[in-house]
Amino acid sequence: MIVRAGAATDVGRQRKHNEDSVLAEGSVFVVADGMGGHAAGEVASGIATTTLAELAGLERRRAEDVVEALQRANHRILESVASHPEQSGMGTTVAGLTVVTAGGSDHWAVFNVGDSRVYRCIDDRLNLVTVDHSEVRELIDGGFITEEEAARHPLRNVVTRSLGSETAPTPDVWVFPPHPGERFVICSDGLSNELAADDIRRLATGSDDPQQAAEALVAAAVQAGGRDNVSVIVVALDADEQEQDLDADTSPRTSAGAG
Ligand code: MN
């Protein structure tokens, strides 16, 4: 099985800075949506992706390694604020996908803190894997507002968990087996607030090339209004009888025993 990925990001039409950060390294895929004044948001999201990139250097990962990396990122954001008071209040969401070992075999681990999302697309159906950590999600789950009301709600941008919090936030992590032919969309809310789920599904699968799919998704969100920064990673798991490893590493391989 072979993993292919493409990533795209855009400042959008209304913001001056792009405070999102994107990581696609080895088999670690992360979107982080930073917040905080004086361009501190991009510092926070950058610390998150730089810290999570350390997961790509591990020979084998477990879900616990992902949780630890998220805690490390939270701590580093607080350290940065402590030495740069102008960064006070900065934070970031994070949503991502990586390969972990579970029960002796390769599994996906999907994780999030905040309202950035991971969708899974299989057999032309799109499912939202993550649950937003947001005030409107709480209000929907409590039965106070509907999904339609949430889309227009004044508190729709308020997240209930973020990295950069004094009390380290608990991430959600889902671990499940890979399925050949599936695709994932990892995105900031600048995508999910602009596009309907059916448009996300159509564009995510509209091109065989994940890079083209990611660029098409970002372009559509900007076209639809671009009211926020937009970031997308599309990850495709292809079926291939020759390859049994779930491995996105593009570096040249040396075959065992050669030389
Ligand atoms: Mn955003």
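Helix 6 (residues 197–204) lies across strand 7, strand 8, strand 10 and strand 11 (230–238). The helix runs at about 120 degrees to strand 8. Axes here are lines fitted to C-alpha atoms, for helices over the stretch in contact, and angles run from 0 to 180 degrees between N-to-C directions. Helices (H or I, at least four residues) and strands (E, at least two) are DSSP runs, numbered from the N terminus.

This is a predicted model, where local features need pLDDT of at least 70, side-chain atom pairs count only at pLDDT 80 or more, and totals for chains, interfaces and linings use all residues. Residues are numbered from 1 along each chain as its sequence is written, and side-chain values use heavy atoms, with hydrogens and water left out.

**Confidence**

- The mean pLDDT of the protein is 92, and 92% of its residues reach 70 or more; pLDDT is the predictor's confidence in each residue, from 0 to 100.
- Over residues 250–259, pLDDT stays under 50. The model has three contacts beyond four places in sequence for this stretch, a contact being heavy atoms within 4.5 Å.
- Where pLDDT is low, the predicted coordinates should not be read in detail.

- Five strands form an open sheet in the order 1-11-10-7-8, and the pairing is antiparallel. Two strands pair if DSSP finds at least two bridges between them.
- Strand 1 (2–10) and strand 8 (125–128) are the edge strands, each pairing on one side only.
- From one strand to the next, the twist averages 20 degrees.
- Strand 7 (residues 117–122) pairs with strand 10 (residues 183–187) over five bridges, in the antiparallel sense. Val 118 stands opposite Ile 186 of strand 10.
- Helix 7 (residues 210–223) also packs on the sheet, where it touches strand 1, strand 10 and strand 11. Its direction makes about 25 degrees with that of strand 1.
- Val 222 lies in helix 7 and is buried, with a relative accessible area of 16%. Buried means under 20% relative accessible area, exposed over 50%, and partly exposed in between (1.4 Å probe, protein chains only).
- Not counting residues up to four places away in sequence, Val 222 touches Asp 10, Gly 12, Arg 13 and Val 230.

- Strand 5 (residues 94–102) and strand 6 run antiparallel and are joined by nine bridges. The bridge partner of Val 100 is His 107 in strand 6.
- Strand 5 and strand 6 form a hairpin with two residues between them. Gly 103 in the turn has a positive phi of about 60 degrees.
- Five bridges link strand 6 to strand 9 (residues 172–176), again antiparallel. Phe 111 has Val 173 in strand 9 as its bridge partner.
- Seven of the nine residues of strand 6 (residues 105–113) are buried, so this strand is largely enclosed by the rest of the structure.

**Manganese site**

- Asp 33 (OD), Asp 189 (OD) and Asp 228 (OD) are the protein donors of the manganese ion, lying 2.1 to 2.2 Å from it.
- Donors are N, O and S atoms within 2.8 Å of the metal (3.2 Å for Na, K and Ca); water is not among the atoms, so sites may look incomplete.
- Along the chain, the donors follow the spacing D-x155-D-x38-D.
- Asp 189 in helix 5 (residues 189–192) and Asp 228 in the loop between helix 7 and strand 11 are 39 residues apart, a pair that links distant parts of the chain.
- Asp 189 is buried at 6% relative accessibility, and Asp 228 is buried at 13%.

**Salt bridges**

- The count comes to 16 salt bridges, each a side-chain nitrogen of Lys or Arg within 4 Å of a carboxyl oxygen of Asp or Glu.
- Asp 132 and Arg 117 meet in a salt bridge at 2.7 Å, N to O. Asp 132 lies in the loop between strand 8 and helix 3 (135–141) and Arg 117 in strand 7, so the pair ties together parts that are 15 residues apart in sequence. Both residues are buried.
- Arg 201 and Asp 124 meet at 3.5 Å, N to O. Arg 201 is in helix 6 and Asp 124 in the loop between strand 7 and strand 8, 77 residues apart. Arg 201 is buried at 18% relative accessibility, whereas Asp 124 is exposed at 51%.
- Arg 202 and Asp 199 form a salt bridge at 3.0 Å, N to O. They are three residues apart in helix 6, separated by about one helical turn.
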